[in-house]
Amino acid sequence: MPKPAKTSYRTTNWSKYNASLKRRGSLSIWFDPAMSWKADRSGKRGHPYTFSDRAIQICLTLKVLFGLPLRQTAGLVASLIEMAGLDWPVPDYSTLCRRQARIAVQIPYRRSGQPLNLLIDSTGIRFRGDGEWLSRKHGATRRREWRKVHLAMDTATCDIRAVEFTSSRQGDSPILPELLAQIPASEEIETVTADGAYDTRRCHAAILEHGAEPIIPIRRNGRAWKPDWPAAISRNETLRATRCLGRSIWKKWAGYHARSRVEAQMNRLKLLGDRIMSRDPDRQTAEIQIRIAIMNRCSALGKAEIEAIA
């Protein structure tokens with residue numbers, strides 16, 4: 001039996017997408033003189049903050065974007081402010097280090113105006129230990145440690161809408177309800193696509209609580225659940241469709257292969273560095289969130305529009 005022909009694709013907005021890729025490498029940095037660089041008085045006891053959260057996030061964004069230590073980051077920001085002709089003070093490295101553990105990072109995102117179709121996945125990122133070459137040549141050391149990043153991506157805008165940062169021992173399925181909880185209640189979720197690791201009762205129940213449809217393949221040894229609750233009924237329908245159509249046909253019919261787009265976002269996340277510079281868990285979380293903010297800003301400049309031609 002001859003193999004079916006592979007589908008070919010083409011980019012329909014190549015000139016526009018090519019221009020957006022060039023803009024991602026632009027070094028144009030400007031400071032709004034009207035922005036709140038200094039922190040407002042909070043009225044609480046204790047020494048008030050000198051710099052606002054927005055100012056600290058700008059400094060940490062430059063740190064992550066250029067892969068700089070804290071001292072070099074302070075020097076870069078000082079030179080930029082001087083070239084801009086502003087008389088703003090510059091946070092030193094100890095202030096940046098201290099505030100990184102407490103800052104609430106603002107992650108920009110766009111709304112498409114349509115119900116969300118979320119793609120869920122996780123990946124590991126190293127923060128301690130030898131690199132791949134040394135580990136293969138001399139063996140992995142005990143100090144080689146990882147963390148896990150859990151992402152939820154909107155298919156319409158390619159923006160990351162939810163992120164969780166956990167230890168390497170944390171499973172994938174318990175984090176899905178926390179990712180969905182980050183979506184504002186005013187936004188409707190239509191579908192949630194994830195791999196077989198999320199084929200659990202907790203995940204299916206959390207998805208149905210948000211009024212969404214789960215697109216999750218059944219595990220290889222998966223069996224039917226007792227149809228005593230809505231999540232079990234929905235999951236059993238997927239099991240019957242998989243058995244009737246076959247796993248590969250069901251994935252194509254359900255649109256499961258769109259999950260590869262969030263896997264591409266994992267690669268973009270590691271292009272900003274294959275390891276985390278921070279050691280403290282709170283600072284690590286802020287560093288990952290700043291990476292997500294940078295990725296969403298790059299996506300806002302433009303994306304490729306691809307269509308099938310055969």
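A residue is called buried here when its relative accessible area is under 20%, exposed when that value is over 50%, and partly exposed in between (1.4 Å probe, protein chains only). Of the 310 residues in the protein chain, 40% count as buried. This is a predicted model, in which local features need pLDDT of at least 70 and side-chain atom pairs count only at pLDDT 80 or more, while totals for chains, interfaces and linings use all residues. Residues are numbered from 1 along each chain as its sequence is written, and side-chain values use heavy atoms, with hydrogens and water left out.

**Stop one: the whole chain**

Start by showing the protein chain as a cartoon. You will find 11 helices and seven strands; helices (H or I, at least four residues) and strands (E, at least two) are DSSP runs, numbered from the N terminus. Along the principal axes, the C-alpha atoms fill a box of roughly 70 × 50 × 45 Å.

**Stop two: Arg 99**

Next, select residues 93-100, which make up helix H4, and pick out Arg 99 within that helix. Is Arg 99 buried or exposed? Arg 99 counts as buried because its relative accessibility is 4%.

**Stop three: a hairpin**

Move on to strand S3 (residues 145-154), which runs antiparallel to S4 and is joined to S4 by seven bridges. Two strands pair if DSSP finds at least two bridges between them. Strand S4 itself spans residues 160-167 and is mostly covered, with six of its eight residues buried.

**Stop four: the turn**

S3 and S4 form a hairpin with five residues between them. Finish by selecting Cys 158, which sits in the loop between these two strands, S3 and S4. Cys 158 has a positive phi of about 65 degrees, although it is not a glycine. Most residues other than glycine have a negative phi. Cys 158 also counts as buried, because its relative accessibility is 14%.
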